[in-house]
Amino acid sequence: MAEEVARGLREAHPGLRKTVVDKLALAVGAMLEGQTPNTAELANLLPLETPRQDMREQWLRRLLKNRLIDSATILEPWARSELAKAASGDQTVLLSLDQSDLGDRMAVLMVALRVGDRALPLAWCAEEGAANLGWEAQRGLLERVRSWVPPGVAVLLCADRFYPSVALLEWLQAQGWSYRLRLKGNLRVDSGQSEETTTGALAQGVRERYLTEVGLFACGVRTHLGILHDPGHPQPWIIAMDALPTRTRVLDYAARWCIEPMFSDLKSRGFNLQHSQLQHADRLERLVLIMALAMYWCVRAGRAEALASPTPLEKNSRPNTTLSIGPSKKPPAACCPGLNAVCAIYSAVSKTTARYPLFMPASN
């Protein structure tokens, strides 16, 4: 397994040191097998000719401290490949921006790519403490992803209520990206129809409302607003968007939820990142890189398995070449299987990895 991972890393990064490639590959293999962030447990799974447990743990700690392992550089070939795949057939690339906290110790901000009804991590950063990573951190991740998106591709970014800001809106408008940003109810709005009000006041007592060219925040940055309050939901969706607002375009915001099962893959239903005891942000970022590489491997394993042994549903499914905006009715077959299910395939597939160049970046 580690040899297959190392082969893919060498193919993607021929200039990377052999020792770094081999160590990173061993860590990814151990992560897939153990699905744990605990360095002591991971160290036990490493096939090292080292009799002492403390030496194994030191080996792993040195790897997590190694500054030659840059998450953006390492992941770039696979991120570019998945972005190109997502854009095939003139589809819109769906991105989500969100944050996951590890208690009060650490926060991880991430931009993820929708794949089926799940997501794959593209770019992330960590910060110590119970942080709400602001615009500077967001811009760094968005700029990184922007440089990887193929030219001329349509992009839609979705983000929850904690992220919309003047700076984010202006950046998205400057890039020509579409956006669906959920807003808090206390933001200042100039609708041009009466005195200034708030987003919450505009949503008060209405099921649907659509406003064009409103001024948002104190500076009055221009955007469109769509408000939808479905029965049974305690709060309305107040969505800032680049397009003329309609019910369907408000529902586009549902594409953001793909990042939630991805966080579950990283945490409670997968690699249990929430149990990490790492205290330094840079080391946590490298641990997330190991998990992300393992997730990409899982997706490639799941795709290969689906091609080799498709279910009746997968045999009958047809490729979707329409724009991929809007809440999906059902997940496309085998695009991104559940992490635990694919990790269960691991032991069988890893014995015959010669059949699957699973860790090679896709040509398209």
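I began with residues 319-338, where pLDDT stays under 50. For this stretch the model has 41 contacts beyond four places in sequence. I then checked residues 344-358, also with pLDDT below 50. I noted 22 contacts there beyond near neighbours in sequence. This is a predicted model, so I take pLDDT as the predictor's confidence in each residue.

**Whole chain.** I looked up the average next. The protein chain averages a pLDDT of 85. I see that 86% of the residues score at least 70.

**Helix 2.** I turned to helix 2, which covers residues 18-34 and has 17 residues. I read 24 Å from its first C-alpha to its last. That is close to the 24 Å expected at 1.5 Å a residue. I listed buried residues in helix 2, among them Val20, Val21, Leu24, Met31 and Leu32. Gly29 is buried there too. After helix 2 comes Gln35, and I noted its positive phi, near 45°.

**Largest nonpolar core.** Which members touch the most others in the largest nonpolar core? I found Leu95, Met262 and Leu284, out of 108 residues. Helix 11 (residues 281-308) gives the largest share of this core, 16 residues.

**Leu95.** I followed Leu95 and left aside its neighbours within four places in sequence. Its contacts include Leu83, Val111, Leu122, Val145, Cys158 and Trp177.

**A separate core.** I found another core lying apart from the largest one. This core has six residues, including Leu228, Trp237, Met241 and Tyr253.

How values were computed. Residues are numbered from 1 along each chain as its sequence is written. This is a predicted model: local features need pLDDT of at least 70, side-chain atom pairs count only at pLDDT 80 or more; totals for chains, interfaces and linings use all residues. Side-chain values use heavy atoms; hydrogens and water are left out. pLDDT is the predictor's confidence in each residue, from 0 to 100. Contact means heavy atoms within 4.5 Å. Helices (H or I, at least four residues) and strands (E, at least two) are DSSP runs, numbered from the N terminus. The expected span of a helix is 1.5 Å times one less than its number of residues. Buried means under 20% relative accessible area, exposed over 50%, partly exposed in between (1.4 Å probe, protein chains only). A nonpolar core is a set of buried Ala, Val, Leu, Ile, Met, Phe, Trp, Tyr and Cys residues joined through side-chain atoms within 4.5 Å.
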